[in-house]
Amino acid sequence: MEISGLDKIIYTVGRITPNGVNLLGTCFLLNKNGLLATASHVTNNDNNNLVIFASGKTDLNSYQDTADNQGQTIPASIYKVDPVRDICILKIDNAVASNLSIGGADDVRVTDNVGVVGFPHCVNGRNILTFQSTEVGAKVLIESSSIKSKHLILNIQTRPGQSGSPIFRLNDSKLIGMIIGSYVPGGGGGISLGGVDPHTLHQTTHAVSSEYILKMI
Amino acid sequence: MEELNNIIQSDQEQLLASIDDYQAEIIKSFLSNTSNDFLQSADNWLNASPANTAKFGGEQNKAKIYRDKLLEELEKFLCGDQQYDEDRKKIADSTDKSQKYIIGVMSAAIGKTLGAAGPFIAPVIVLLILSIGKMAVNAWCAMRKDAKSTAGNSGLAQ
């Protein structure tokens with residue numbers, strides 16, 4: 001998979017606060033002008049002071065400076081929301097688009113290799129674009145308000161900040177899904193040790209099929 | 001206001017056509033699963049979240065949006081509260097009288113009050129309007145007012 005140029009399509013979503021920009025998760029540019037996808041819980045379905053944060057210094061072929069937290073904010077608004085599949089489409093006032101080929105979970109088999117690209121720990125202020133490779137461990141249906149939707153289980157540990165990360169089929173970079181979190185009975189939130197929910201420390205990542213993104217744009 | 005009366009008189013298919021197809025598909029599924037329970041379907045939308053999934057982003061402790069609060073704001077919008085004067089004027093002045101436009105204005109205005117985006121609120125607005133059941137706006141507003149004053153006299157919460 002070619003990693004050059006991923007920094008031009010994958011960014012962080014943030015919210016401007018009196019104390020600066022709070023980074024909320026990952027988003028990526030779609031193949032339609034000004035549209036980006038992320039998880040709906042990343043935005044909390046709230047438009048207020050929502051921005052795309054672009055540092056311009058996240059080229060995966062370079063050394064990213066962990067001490068440099070400067071960047072540009074681009075106002076964004078919520079264009080479409082699907083809370084059942086946890087998908088949000090953001091719109092920016094800028095005629096930019098990617099050349100992503102969008103597929104879905106049907107385009108991969110269990111054991112296929114995939115790449116995950118996003119910003120782990122960005123919710124702690126760390127804006128480092130990171131590539132991970134793994135394989136599809138299972139295809140599952142996950143229920144939300146009695147509707148079952150196609151998801152992938154990825155055999156890798158992911159962390160807060162990676163919701164909204166695109167998942168690419170490694171052999172041709174086709175988009176097949178988006179990270180929404182990890183398996184935790186009941187959704188977690190019960191225990192926190194130093195800000196970490198120990199239930200999330202495993203290699204069962206949940207990703208929603210990107211076919212649902214296609215229906216929204 | 002004629003436009004608001006008309007929107008309440010709209011039938012289910014017309015109102016569902018005023019939201020995006022992917023949203024209408026979800027709402028139809030909710031309605032089918034709940035034997036056409038509009039309020040339960042509204043709750044299903046507002047509370048939707050993939051099961052057994054820890055979320056890896058967003059803000060912690062963000063206030064949840066409840067259907068009752070949305071209904072209160074819808075009442076203010078339909079029943080002439082001055083908070084929404086400008087939005088009602090926008091609807092009255094527009095040449096676009098489609099359900100899609102009116103639901104869009106209502107959703108954006110109410111969403112702004114509640115700290116939620118219009119596209120997230122729109123399906124719930126549609127379901128709450130359907131729950132009114134084609135009653136005239138004035139009659140519904142009077143009924144809501146009566147219900148509140150009765151609850152106040154008896155000391156019972158609604």
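**Notebook: a pocket, a barrel and a cavity**

I began with the second largest pocket: E5 of chain A and, from chain B, helices H6 (85-93), H7 (99-114) and H8 (118-132) each supply at least two residues of its lining. Helices (H or I, at least four residues) and strands (E, at least two) are DSSP runs, numbered from the N terminus.

I noted the ground rules. This is a predicted model, where local features need pLDDT of at least 70, side-chain atom pairs count only at pLDDT 80 or more, and totals for chains, interfaces and linings use all residues. Residues are numbered from 1 along each chain as its sequence is written, chains are lettered from A and ligands numbered from 1 in the order in which they are written, and side-chain values use heavy atoms, leaving out hydrogens and water.

**Entry: the pocket**

I looked up its volume, which is about 410 Å³. Of its 22 lining residues, the closest to the centre are B:Gly104, B:Val105, B:Ser107, B:Ala108 and B:Gly118. On a 1 Å grid over the protein atoms alone, a pocket is an open set of points with protein on both sides within 12 Å along at least five of seven lines; a cavity is a set where a 1.4 Å probe fits but cannot get out; lining residues have an atom within 4 Å of a point. Points are joined across faces, edges and corners, and a volume is the space filled by probe spheres set on them.

Which element gives the most to this lining? H7(B) does, with nine residues. I sorted the lining by class: nine nonpolar, seven polar and six charged. Ala, Val, Leu, Ile, Met, Phe, Trp, Tyr, Cys and Pro count as nonpolar, Asp, Glu, Lys and Arg as charged, and the others, Gly among them, as polar.

**Entry: the barrel**

I followed E5 into chain A. Six strands close into a barrel there, in the order E1-E2-E3-E6-E5-E4, with antiparallel pairing. Two strands pair if DSSP finds at least two bridges between them.

E4 (residues 50-54) joins E5 (residues 72-82) by four bridges. A:Val51 has A:Pro75 as its bridge partner, and A:Phe53 stands opposite A:Thr73. On to E6 (residues 87-92): six bridges pair this strand with E5(A). Here A:Ala76 stands opposite A:Ile92. E5(A) and E6(A) form a hairpin with four residues between them, and A:Asp86 in the turn has a positive phi of about 60°.

**Entry: the cavity**

I found one cavity of 30 Å³ or more. The largest cavity has a volume of about 40 Å³. A:Phe53 turns up again in its lining, with A:Tyr11 and A:Asp7 also among the residues there. E1(A) gives the most, three residues.
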